[in-house]
Amino acid sequence: MEKKLRAGVLGATGMVGQRFITILEKHPWFEVTAVAASPRSAGKTYEEAVGGRWKMDTPMPESVKNMVVMNVNEVEKVSAEVDMVFSAVDMSKDEIRAIEEAYARAEVPVVSNNSAHRWTKDVPMVVPEINPEHFQVIEFQRKRLGTKRGFIAVKPNCSIQSYAPVLTAWKEFEPYEVVATTYQAISGAGKTFQDWPEMVGNIIPYIGGEEEKSEQEPLRLWGRIEGGQIVKASEPVITCQCIRVPVLNGHTAAVFVRFRKKPSKEELIERMVSFKGLPQELMLPSAPKQFIQYLEEDNRPQVSLDVDFENGMGISVGRLREDSLYDYKFVGLSHNTLRGAAGGAVLCAELLAAQGYMEVK
């Protein structure tokens with residue numbers, strides 16, 4: 001791009017907001033020009049507002065330390081400083097829907113990590129390698145909102161990234177029934193072990209709302225645009241259990257699949273490792289060169305060895321084998337705050353910019 005887009009981060013002091021800040025530090029297309037958070041943080045420098053709650057492995061970027069945090073509710077003030085915003089606000093769903101729509105109506109494109117708009121019928125929920133064509137629904141959303149520049153686009157739940165891309169790569173074999181159990185890192189709850197010491201050596205077999213998201217959101221990715229809205233697919237039927245495990249970063253999934261057209265193991269592996277999409281074709285800055293890797297070793301993928309594959313933007317798969325009840329089973333792994341959260345949102349923003357949906361004011 002000739003000139004960088006001025007980016008704002010809404011909810012900049014939280015864990016996902018911090019991840020946005022680190023990803024965007026030296027981004028070739030985006031430059032952070034505004035950080036916004038709750039009224040209690042507004043008026044402080046970013047460093048003061050975050051205080052001792054910096055959760056990233058890398059130091060806070062110097063470029064944002066002295067940036068004054070804006071009040072996220074002062075939409076017009078924030079909008080004047082940016083060309084687009086990334087949203088990671090921590091509010092109720094109704095409040096998130098309202099504030100994201102307020103920014104869109106102020107003619108600011110919103111790329112959101114939040115779940116509030118994932119089922120709004122004219123809001124695209126996109127994994128760029130899977131369903132980039134869903135961005136076409138933005139024209140219908142803009143008509144509803146009465147905007148020329150502004151819109152909302154979202155990315156899906158972090159838990160589905162470790163298996164939805166794999167099932168997409170196998171689409172020609174018609175998977176129709178899936179059983180998945182996800183083993184989810186504590187950073188998915190915005191926590192570290194320092195914040196959540198009771199998770200050390202512990203497992204919690206419940207994550208509120210997560211199972212429904214894990215079962216339903218892939219169907220929306222595989223859906224179609226009809227009458228100016230996205231209609232979800234009906235298959236494959238997915239049932240899921242979601243378990244919190246004592247891991248900092250990385251969601252693992254154990255998955256069982258039935259196919260209408262029975263493939264060989266070799267065919268499944270070939271389809272995975274060759275699977276790519278628009279981000280790879282366009283060589284977008286955050287796009288992994290290899291989207292899905294297959295690991296032959298019986299003890300892979302492992303969080304400690306594989307979670308950072310392709311800078312945390314790739315998917316790692318292993319233990320693919322035939323099953324006695326289902327056709328095949330496998331284990332998938334994705335980085336939940338990179339591919340699954342802020343990184344996935346930045347990749348969406350890159351594709352939106354490349355396709356002309358966002359431009360410098």
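What volume does the second largest pocket have? The second largest pocket has a volume of about 520 Å³. This structure is a predicted model, in which local features need pLDDT of at least 70 and side-chain atom pairs count only at pLDDT 80 or more, while totals for chains, interfaces and linings use all residues. Residues are numbered from 1 along each chain as its sequence is written, and side-chain values use heavy atoms, with hydrogens and water left out.

**Pockets**

- A pocket is an open set of points on a 1 Å grid over the protein atoms alone, with protein on both sides within 12 Å along at least five of seven lines, and lining residues have an atom within 4 Å of a point.
- Grid points are joined across faces, edges and corners, and a volume is the space filled by probe spheres set on the points.
- Helices (H or I, at least four residues) and strands (E, at least two) are DSSP runs, numbered from the N terminus.
- At least two lining residues of the largest pocket come from each of α1 (15-24), β2 (30-37), α5 (93-105), α8 (210-221) and α12 (338-354). The largest share, three residues, belongs to α1.
- For classes, Ala, Val, Leu, Ile, Met, Phe, Trp, Tyr, Cys and Pro count as nonpolar, Asp, Glu, Lys and Arg as charged, and the others, Gly among them, as polar.
- The lining of the largest pocket contains 19 nonpolar, 19 polar and 12 charged residues.
- The second largest pocket, of about 520 Å³, is lined by 24 residues, and I23, N311, G312, M313 and L338 are the closest to its centre. Two or more of its lining residues are given by each of α1 and α12.
- Helix α12 gives the most to the lining of the second largest pocket, namely four residues. By class, this lining has nine nonpolar, nine polar and six charged residues.

**Cavities**

- A cavity is a set of grid points where a 1.4 Å probe fits but cannot get out. The structure holds two cavities of 30 Å³ or more.
- The largest cavity, with a volume of about 70 Å³, is lined by M15, R19, K55, M56, D57, S187, L248, N249 and T337. This lining divides into three nonpolar, three polar and three charged residues.
- The second largest cavity has a volume of about 30 Å³. Its lining includes V126, P128 and C348, and divides by class into five nonpolar, two polar and two charged residues.

- Two strands pair if DSSP finds at least two bridges between them.
- Six strands form an open sheet with mixed pairing, in the order β10-β7-β11-β14-β13-β12. At its edges lie β10 (237-244) and β12 (292-295), each of which pairs on one side only.
- Strands β13 (residues 315-322) and β14 (residues 328-334) pair in the antiparallel sense over five bridges. R321 stands opposite K329 in β14.

**The residue S79**

- S79 lies in helix α4 (residues 75-79). With a relative accessible area of 3%, S79 is buried (buried means under 20% relative accessible area, exposed over 50%, partly exposed in between, with a 1.4 Å probe and protein chains only).
- Contact means heavy atoms within 4.5 Å. Not counting residues up to four places away in sequence, S79 touches Y103, A106, V108 and K361.
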